[in-house]
Number of protein chains: 2
Amino acid sequence: MIDSSSPAEPLFGTLAIAGVGLIGGSIAAAARRNNVAGQIIGIGRTASRLEAAVDAGLIDTGTTDPAVAAEADLAIVCTPVDRIVKDVRILASVLGPGSLITDAGSTKDSVCKALTDLDGANGPAFIGSHPLAGSELQGFEHARADLFHGRLCVITPTENALPDHTARLEQFWHALGANVVSRTPELHDQALARTSHLPHLVAAAMAGSLQDSDAQFTASGFRDTTRIAAGDPGLWVPIFSHNTTAILAALDRLQAKLKEFSDSLQHHDTCALQKLLEEAKRNRDGLG
Amino acid sequence: MIDSSSPAEPLFGTLAIAGVGLIGGSIAAAARRNNVAGQIIGIGRTASRLEAAVDAGLIDTGTTDPAVAAEADLAIVCTPVDRIVKDVRILASVLGPGSLITDAGSTKDSVCKALTDLDGANGPAFIGSHPLAGSELQGFEHARADLFHGRLCVITPTENALPDHTARLEQFWHALGANVVSRTPELHDQALARTSHLPHLVAAAMAGSLQDSDAQFTASGFRDTTRIAAGDPGLWVPIFSHNTTAILAALDRLQAKLKEFSDSLQHHDTCALQKLLEEAKRNRDGLG
């Protein structure tokens, strides 16, 4: 257990965050509040945005030059999933041996497979992370120090990961308030396909098939079920592309359940329909 | 326009509400706040619940005997859709000529078809209503006088409806704060199949296919898209049963859109995927 009230040395001397948006900014805010790092360096592509993040008190230094983060003990890449591998490589080329790099992406398998050589044996180590927290909002202006509080963070060490690195990564997320579980990248992607990526796809399909003339007839049910369809397509296309196989498998699974519903409707089998709705309610109520 | 601040005569002398739950109770609360009726009679099946609704100040009189409502100028049936026709018939047998009966059910076609003889020529008239407001909560304890404020209420007069009756029904919902549109029962059911009944079915299918081991990986996306699956199966089975044809047509339409998504995934067509997600975002953002 981390005692975040301790005035002791921070867990990490220097924390580097590549991509200071909602997630990166919230990591910075949470790290600062919980004394997780001696200093926080933000790395980005737009100098004016980084200056604004410094002014907002989220990061100590903002830079467009990854080499400035050479002394970091921990670097976390919070860019869209199609940029993670490239951004990790850039950081790996400047960080020293013993340092640890992680990410905050929604897909893990292809990223971790592409970075297996970063096992810490001869330089920085990479271990994947996925904090299950976010919002339709974008930008560090919406960053919150409590964004990860009580949320799950899945870390995905591969068999090459050193136990010490895995333990430090776990400590990091704990210190930010998250509950941490460890899964293989494959199992992570399969579970998230079912619990996040498919719901996004279905919400988008539902919103996408809305006729203009139906808009006035939408109430809270339609709005709740399609809220996530307002998410940024630029973030979601790469997620879908990285996890295609698992998402298609999850869709098949949903189709089987939809067929149970349509069969019960076609056969006017109210008993079967009642059972299906009761199972759904039980599962949903179980989430609290 | 109704001036709800007017100290004038209420629109209706006696308002009878059959089924004093969330919707019936909110109608009572809104009617009282807006001086819509001289007195409000609640009709139900459980005397103790009706007494409690009187004690809560929602209704003036509570009774299990519909005959007590004989003097009502307007009666509104707020029972589940599989009980509406029967409950309207009971009220029609006790109310006088010139009186108007409506309902608050989520499906309109089968109800209105079953009651076409109640055209007001020789007794009470029936015209269907569907206020698009509600919640997973049940019971008059959750009633709110502002539940209909700014919400849409669809009224579904058939060709037999007298213009004066339609106008009075419209005035009633306006006085409760709702925006009123008029549609045929068929068009109402087709639109609501797409905007309410299908989203409910899909949310239930998604919640119903959740594996126990996946529950920990659910975050706000899954929770938002499945929230309505916690609704009462006892209310939704009749809705699905009453609107089967339109719901199956809406499901076919959604399936076509889901196929566009799965095709784009299978063919790794990120351009098509981007367009699909942009269309969805545009539609969802348009709902505000």
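A: B:G128 stands opposite B:T156, a residue of strand 8 of chain B. The model is a predicted one, in which local features need pLDDT of at least 70 and side-chain atom pairs count only at pLDDT 80 or more, while totals for chains, interfaces and linings use all residues. Residues are numbered from 1 along each chain as its sequence is written, and chains are lettered from A and ligands numbered from 1 in the order in which they are written.

Strand 7 and strand 8 (residues 152-156) of chain B pair in the antiparallel sense over 4 bridges; pairing requires that DSSP find at least two bridges between two strands. Strands here are DSSP runs of E with at least two residues, helices are runs of H or I with at least four, and both are numbered from the N terminus. The open sheet has 3 strands in the order 7-8-9 (chain B), with mixed pairing. Strand 7 (128-131) and strand 9 (179-182) of chain B each have a single partner strand, so one side of each is without a neighbour in the sheet. From one strand to the next the twist averages 20°, where axes are lines fitted to C-alpha atoms and angles run from 0 to 180 degrees between N-to-C directions.

Helix 6 (residues 185-208) of chain B has a kink of about 55°, centred on B:A193; the bend at a residue is the angle between axes fitted to the seven residues ending there and the seven starting there. Because 22 of its 24 residues are buried, helix 6 of chain B is largely enclosed by the rest of the structure. Buried denotes 20 or more other C-beta atoms within 10 Å of a residue's own, with C-beta atoms placed from the backbone.

Between the chains, 68 residues of chain A are in contact with 68 residues of chain B, contact being defined by C-beta atoms, placed from the backbone, that lie within 7 Å. Helix 6 of chain A gives the largest share of the side of chain A that touches chain B, 15 residues. That side of chain A comprises 37 nonpolar, 19 polar and 12 charged residues; Ala, Val, Leu, Ile, Met, Phe, Trp, Tyr, Cys and Pro count as nonpolar, Asp, Glu, Lys and Arg as charged, and the others, Gly among them, as polar.

Within chain A, the domain assignment gives domain 1 (12-183) and domain 2 (188-286), such bounds coming from an automatic or database domain assignment. Contacts between these domains of chain A involve 14 residues of domain 1 and 14 residues of domain 2.

Note on methods:
Two residues are in contact if their C-beta atoms, placed from the backbone, lie within 7 Å. A residue is buried if 20 or more other C-beta atoms lie within 10 Å of its own, exposed if 12 or fewer, and partly exposed in between; C-beta atoms are placed from the backbone.
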